[in-house]
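The following paragraphs give a guided account of one protein model, to be read alongside its sequence and coordinates.

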Amino acid sequence: MKFFLDTANVEAIKAINNLGLVDGVTTNPTIISREGRDFETVIKEICDIVDGPISAEVTALGAEEMVEQARSIAKWHKNIVVKIPMTADGLKATNILSKEGIKTNVTLVFTVSQGLMAMKAGATYISPFIGRLEDIGSDPYQLIEDLREIIDLYGFETEIISASIRNAAHVEAVAKLGSHIATIPDSVFEKMSLHPLTTSGIDQFMKDWEAFKK
């Protein structure tokens, strides 16, 4: 499974990318707004750091306007993936863009039917939201399992990006279900390598080594 970073914080991306574990980056208008910087500038900086798919979202709601924005955004870098909302207009835009060779990530997917429609429209990626489905008492893992089954059954080339990841357990669960990708906030990513027994084990090793040297 591939790891994407769900952040627009350039310094965090640099630090985590140095681990050699980052396959791509996803952003959205909310994430970009937190940085307080120019959208295009931030996306281009990220593209210079990570050699992989970089999702940048349109802000228009109409199909024609989405397509116009997407064409412009796609020119910023060869690794750009244009993020499109899961709406009727979004599907129309995705269909047009896919035929033009522009990669798309259909976001805010919450049902199997939404995911299937996005696949048929030509989406490169679909983003079901794990945490938000849990918030309303729905089973996000059944959704991931069902979407992966459909992709394998019919040979769709669309990949699943499990989004709204809030903890390591989310990552582990979607990995076992065959999600192609998990997009992970930098705060969660940093915690994934930690465990109290790992820390205490290292401390004990160092104490034993110091005692041995004496």
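A residue is called buried when its relative accessible area is under 20%, exposed when that area is over 50%, and partly exposed in between. These terms are applied below to a predicted model.

The protein chain contains 11 helices and 8 strands. Its C-alpha trace spans about 75 × 40 × 30 Å along the principal axes. Of the 214 residues in the chain, 46% are buried. The chain exposes about 11,100 Å², and carbon and sulfur atoms supply 53% of this area. Among contacts between residues at least 6 apart in sequence, 56% join residues at least 24 apart.

The axes of helix H1 (residues 10–17) and helix H3 (residues 39–49) come within 10 Å and cross at roughly 10°. Angles under 35 degrees count as roughly parallel, and H1 and H3 are therefore roughly parallel to each other. On the H1 side, Val10, Ile13, Lys14 and Asn17 take part in the contact, meeting Glu45, Ile46 and Ile49 of H3.

Leu108, although not a glycine, has a positive phi of about 65°. Leu108 lies in strand E5 (residues 104–109), and because its relative accessibility is 30%, Leu108 counts as partly exposed. Ser164, likewise not a glycine, has a positive phi of about 55°. Ser164 is located in the loop between strand E7 (159–162) and helix H9 (168–176). With a relative accessible area of 13%, Ser164 is buried.

Key. Residues numbered from 1 in each chain as written. Predicted model: local features only at pLDDT ≥ 70, side-chain atom pairs only at ≥ 80, totals over all residues. Heavy atoms only, no water. Helix = DSSP H or I, 4+ residues; strand = E, 2+ residues; numbered from the N terminus. Buried < 20%, exposed > 50% of the residue type's maximum accessible area, 1.4 Å probe, protein only. Contact = heavy atoms within 4.5 Å. Areas by Shrake-Rupley, 256 points an atom, 1.4 Å probe, with all protein chains shown as cover. Axes fitted to C-alpha atoms, helices over the stretch in contact; angles between N-to-C directions. Parallel < 35°, antiparallel > 145°, perpendicular 65-115°, else oblique.
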